[in-house]
Amino acid sequence: MLTPKQEKFIGELLKGKTQREAYKAAYNTSKMAVGTIDQKACRLFKDSKVRARFDELQELIISRDVDDAESIRKMI
């Protein structure tokens, strides 16, 4: 099971944001350097549970038509 912040990170990635942008949307990064954000975002995306959930949702989006894909993105 993922944390709400991890789910938010995945949702932002599926909306087309970069890892940096997705991490900033999901976590408080106000006191972090850009390099630190990039490292943490990369590490988070490599986490097996996070990656599995991302792949699961991405496959669901791919298997649906465009309208359904948009509704799935809004759910996240």
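## Aromatic pairs and a helix contact

In this predicted model, the count of aromatic pairs comes to three, with ring centres within 6.5 Å as the criterion.

**Exercise 1.** Classify the geometry of the pair formed by Phe9 and Tyr23, and then that of the pair formed by Tyr23 and Tyr27.

*Solution.* A pair of aromatic rings is described by the distance of the centres and the angle of the planes. For Phe9 and Tyr23 the centres are 6.3 Å apart and the planes make an angle of 80°, and the pair is edge-to-face, the cut-off for that class being over 60 degrees. This pair links distant parts of the chain, since Phe9 lies in helix H1 and Tyr23 in helix H2 (residues 19–26), 14 residues apart. Tyr23 and Tyr27, at 4.4 Å centre to centre and 15° between the planes, are stacked, as planes under 30 degrees apart are.

**Exercise 2.** Decide whether Phe9 and Tyr23 are buried or exposed.

*Solution.* Phe9 has a relative accessibility of 0% and therefore counts as buried, the limit being under 20%. Tyr23, with a relative accessible area of 7%, is buried as well, and Tyr27 is also buried.

**Exercise 3.** Determine how H1 and helix H3 (residues 34–46) are oriented to each other.

*Solution.* Their axes are 11 Å apart and pack at an angle of about 95°; because 65 to 115 degrees counts as roughly perpendicular, H1 and H3 fall in that class. In the contact, Gln6, Phe9 and Leu13 of H1 meet Ala41, Leu44 and Phe45 of H3, and the residues divide into five nonpolar, one polar and no charged.

Key:
Residues are numbered from 1 along each chain as its sequence is written. This is a predicted model: local features need pLDDT of at least 70, side-chain atom pairs count only at pLDDT 80 or more; totals for chains, interfaces and linings use all residues. Side-chain values use heavy atoms; hydrogens and water are left out. Axes are lines fitted to C-alpha atoms, for helices over the stretch in contact, and angles run from 0 to 180 degrees between N-to-C directions. Helices (H or I, at least four residues) and strands (E, at least two) are DSSP runs, numbered from the N terminus. Angles under 35 degrees count as roughly parallel, over 145 as roughly antiparallel, 65 to 115 as roughly perpendicular and the rest as oblique. Contact means heavy atoms within 4.5 Å. Ala, Val, Leu, Ile, Met, Phe, Trp, Tyr, Cys and Pro count as nonpolar, Asp, Glu, Lys and Arg as charged, and the others, Gly among them, as polar. Rings of Phe, Tyr and Trp (its six-membered ring) pair if their centres lie within 6.5 Å; planes under 30 degrees apart count as stacked, over 60 as edge-to-face and the rest as tilted. Buried means under 20% relative accessible area, exposed over 50%, partly exposed in between (1.4 Å probe, protein chains only).
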